[in-house]
Amino acid sequence: MKSTAYLYPVRAAALGILLAATTQCSVSDKVKESPNAKKSNLSAQALENQAFDQMQFRLNFMDEARLGGQDILFVRQATDLTSAQQAKLQTALQANNLPLKLRMRIYARNPSTVNLQLKQLEYQVMLDGRELTKGVTGANEELEPSAIITLPVNVDLNVPTALLSGSTPAAFAANLADFTGSGRRLTMRIRPTYASISGRVAPQADFQPIELVTKKR
């Protein structure tokens, strides 16, 4: 009887070990089948590509807008400029000396958990659906996880007579700096090029329109 009683704890312990092993195998199988487990097995290059696709860019409001040295940031119609200002702009156009200066900012955010480097950000500034100018910003900018950086976009050019298509400089200035109104004329397209930590360069396929910071997600 004593030996039989002694076997009960041994059998119980053996049964406990068997159940624990079975449970561990079951949990292990679940982990292997879990989507999160598969995600963690992505290669470093695949994680970088995923992070590239998650990058977010937003165009901020116009910070500065000047035509022929005059502030046109809030000019919404030609009559917002006085007769004297309009005459001055017209004289500058005839002298082929009508500089346009625009100052904008692009917000770039890296929502991933991967460190990235923006090799460059190409942009096209579009006016009334046609390319006004193009350029590059954000050269070799580091993009840490969850970080937001600001990239400047500066337009400095001399407005030719042909760009006005027979209109006046005052009419050309109307709504030029208004991003949010129904008569918005200025838009932008961007093409980012990234560099991985290993030095691999991954350019985007084509230019894409950039949304405003005010656009709801």
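Biologist: Which elements each supply at least two residues of the lining of the largest pocket?

Modeller: Helix H3 (44-54) does, and so do S1, S9 and S11. Keep in mind that this is a predicted model.

Biologist: How is such a pocket found, and how much space lies in the largest pocket here?

Modeller: Rolling a probe the size of a water molecule over the atoms shows where empty space is left. In this model, the largest pocket holds about 260 Å³ of space.

Biologist: How many residues line the largest pocket, and which lie nearest its centre?

Modeller: The lining has 15 residues. Met55, Phe57, Ile190, Pro192 and Gln208 lie nearest the centre.

Biologist: How do the residues of the lining divide into nonpolar, polar and charged?

Modeller: Eight are nonpolar, three are polar and four are charged.

Biologist: Take Gln208. Where is Gln208 found?

Modeller: Look in strand S11. That strand covers residues 208-209. S11 pairs with S9 in the antiparallel sense, over two bridges. Within that pairing, Gln208 stands opposite Ile190.

Biologist: What does Gln208 touch, sequence neighbours aside?

Modeller: Skip residues up to four places away in sequence, and Gln208 touches Met188, Arg189 and Ile190. Met188 is 20 residues apart from Gln208 along the chain, yet their C-alpha atoms are separated by 8.5 Å.

Biologist: Why does Gln208 count as partly exposed?

Modeller: Partly exposed is the range between the cut-offs for buried, under 20%, and exposed, over 50%. Gln208 has 48% relative accessibility, so it counts as partly exposed.

Biologist: Now S9. Why is S9 described as largely enclosed by the rest of the structure?

Modeller: Count its buried residues. Seven of the 10 residues of S9 are buried, so the strand is largely enclosed. S9 also has a partner in strand S5 (residues 116-127), with 10 bridges joining the two. S5 and S9 run antiparallel.

Biologist: Is Arg185 buried or exposed?

Modeller: Buried. Its relative accessible area is 15%, and the cut-off for buried is under 20%.

Biologist: What does the side chain of Arg185 reach?

Modeller: The backbone oxygen of Phe172, at 2.6 Å.

Biologist: How should I read the two faces of a strand? Which residues of S4 are covered?

Modeller: In a regular strand the side chains alternate between the two faces of the sheet. Strand S4 (residues 99-109) has a covered face of Leu100, Leu102, Met104, Ile106 and Ala108. Its uncovered face has Pro99, Lys101, Arg103, Arg105, Tyr107 and Arg109.

Biologist: How many bridges join S4 to strand S8 (residues 148-158)?

Modeller: There are 11, and the two strands run antiparallel. Tyr107 stands opposite Thr150 in S8. S4 also pairs with strand S1 (residues 56-59), in the antiparallel sense, over four bridges. There, Leu59 stands opposite Ile106. Strand S2 (residues 64-67) is another antiparallel partner of S4, over four bridges. Arg66 of that pairing stands opposite Lys101.

Biologist: Last topic: backbone angles. What is the phi of Ser146?

Modeller: It is positive, about 65°, although Ser146 is not a glycine. Find Ser146 in the loop between strand S7 (141-143) and S8. Ser146 is exposed, at 54% relative accessible area.

Biologist: And where is Ser165?

Modeller: Ser165 is in the loop between helix H5 (161-164) and H6. Its phi is near 50°, again a positive value in a residue other than glycine. Ser165 is exposed, with a relative accessible area of 56%.

Conventions. Residues numbered from 1 in each chain as written. Predicted model: local features only at pLDDT ≥ 70, side-chain atom pairs only at ≥ 80, totals over all residues. Heavy atoms only, no water. Buried < 20%, exposed > 50% of the residue type's maximum accessible area, 1.4 Å probe, protein only. Polar contact = N/O pair within 3.5 Å; in protein donor to acceptor, adjacent residues only side chain to side chain. Pairing = 2+ DSSP bridges. 1 Å grid on protein atoms, 1.4 Å probe; cavity = no way out; pocket = protein on both sides within 12 Å on 5 of 7 lines; lining within 4 Å. Points joined across faces, edges and corners; volume = space filled by probe spheres on them. Nonpolar A, V, L, I, M, F, W, Y, C, P; charged D, E, K, R; others polar. Contact = heavy atoms within 4.5 Å.
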